[in-house]
Amino acid sequence: MKKDYYEVLGISKNASSSEIKKAYRKKAIQYHPDKNPGDKEAEAQFKLAAEAYEVLSDPQKKSQYDQFGHAAFEGGQGFGGSMNMEDIFSQFGDIFGSAFGGSFSGGFGGRTSRSRGSDMRIRVKLSLEEISNGVEKKIKVPRKVQAPGVNYGTCSACNGSGQVMKITNTILGRMQTSSTCDVCSGSGKSIINKPLGSDQHGMIKKEETVSIKIPSGVEEGMQLKVEGKGNEAPADGISGDLLVLIEEIDHPIFVRENNHLHFDLYISFSEAALGISKEVNLLNGKVRIKLESGIQSGKTLRLRGKGLPSLNGYGTGDLLVHVNVWTPKTLNKEQKVFFENMIDDDNFRPDPQSSDKSFFQKVKDMFN
Ligand SMILES: [Zn+2]
């Protein structure tokens, strides 16, 4: 049985995002590998806290977790799961970065680690049509890359081990501790030839076009990860990831609600009275719908499967067509006479049946 994420961080379900962050920082420092060298239990706790934080710090994942518990991440969506130490430091390093060093390497003491480039974040704006079909976007990203002609060699301060040994005399005797090499920040490599215009690690900024495949059904606020397309690392380090934040462009006629789409259809007074067949736009194509004679304003027609596909590929939302009957704002003489004659006519007198639910009844149904 997996431990509850709120319990892992020692917080209540109503904890605010800053409380979540604070709780995680506390746990991360308590179980940090630098403080607990060789302690497997501490390492497991450290990883578990990071996993809990990864989920609870992300509003989308948090709400999925609140609804479904750990089962929310067992469908292979790539959320949660086991994280390795490198992931934890690269993702959340900034949270405890001030407590522990490691900017160049992104690593931690007590172990040699390959340096890792930092992650980059970009926003991508998508139309509902693009979300419906899925889309491949080519985006210019100003990445940090190794400058042409840069050369790296073995760090002379640590002989490439990334660690330096320190011997200190204490009242308990001589103690030997190892710590991350200051010169190379643990990567074991140092720069030999620094090309003009590059930074102290031999890196330059370069605009590169990255192609991003966006699956259909994504939502505002979701984040996709393109592995290895973030900033490059110096020497033989590994590149960071490109994190793509999804933004939705408002659609001129459709309003999205999860995977359903809402659409306001306006029909004339005569069309409502006589009944009509109408063509309705979809995100992809059109569909013809039939409105019975005597249809009431406020009626909603549900077109099953005409909404957006769900991200995990199970099912498609519906299109909800809300019927609005347009009352004429001006009448000519002839029309005026006609309606005046109809005012006491039985057919024109409102006589709502139980099937013609009022707005308030519909709202009441929604909450029951
Ligand atoms: Zn070194």
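This is a predicted model: local features need pLDDT of at least 70, side-chain atom pairs count only at pLDDT 80 or more; totals for chains, interfaces and linings use all residues.

**Stop 1: the largest core**

Select Y5, L9, Y24, A49, A52, Y53 and L56. These residues have the most contacts inside the largest nonpolar core, which has 16 residues. Now colour three helices: α1 (5-9), α2 (17-30) and α3 (40-56). Each supplies at least two residues of this core. Which helix gives the most to this core? It is α3, with seven residues.

Zoom in on A52. Leaving aside residues up to four places away in sequence, A52 touches Y5, V8 and L9.

**Stop 2: the second core**

Next, select I131, F254, L308 and V323. They are among the ten residues of a second, separate core.

**Stop 3: the three-stranded sheet**

Show β1, β9 and β8 as a cartoon. These three strands form an open sheet in the order β1-β9-β8, with mixed pairing. Which strands stand at the edges? They are β1 (120-126) and β8 (223-226). Each has a single partner strand, so one side of each lacks a neighbour in the sheet. Look along the sheet for its twist, which averages 30° from one strand to the next.

Select β8 together with β9 (residues 242-248). The two pair in the antiparallel sense over four bridges. Click on Q223 and look across to β9: L245 stands opposite.

**Stop 4: the four-stranded sheet**

Move on to β10, β11, β15 and β14. Here four strands form an open sheet, ordered β10-β11-β15-β14, and the pairing is mixed. The edges belong to β10 (254-257) and β14 (300-303). Why is one side of each left without a neighbour in the sheet? Because each has a single partner strand. The twist in this sheet averages 30° from one strand to the next.

Select β10 and β11 (residues 260-268). They pair in the antiparallel sense over four bridges. Pick R256, then find L261 opposite in β11.

**Stop 5: I289**

Finish in strand β13 (residues 286-291), where I289 lies. I289 has 15 other C-beta atoms within 10 Å, so it counts as partly exposed; a buried residue would need 20 or more. Last, draw a distance from the C-alpha atom of I289 to that of L301. The separation is 9.1 Å, and the two residues are twelve apart along the chain.

Note on methods
Residues are numbered from 1 along each chain as its sequence is written. A nonpolar core is a set of buried Ala, Val, Leu, Ile, Met, Phe, Trp, Tyr and Cys residues joined through C-beta atoms within 7 Å. A residue is buried if 20 or more other C-beta atoms lie within 10 Å of its own, exposed if 12 or fewer, and partly exposed in between; C-beta atoms are placed from the backbone. Two residues are in contact if their C-beta atoms, placed from the backbone, lie within 7 Å. Two strands pair if DSSP finds at least two bridges between them. Axes are lines fitted to C-alpha atoms, for helices over the stretch in contact, and angles run from 0 to 180 degrees between N-to-C directions.
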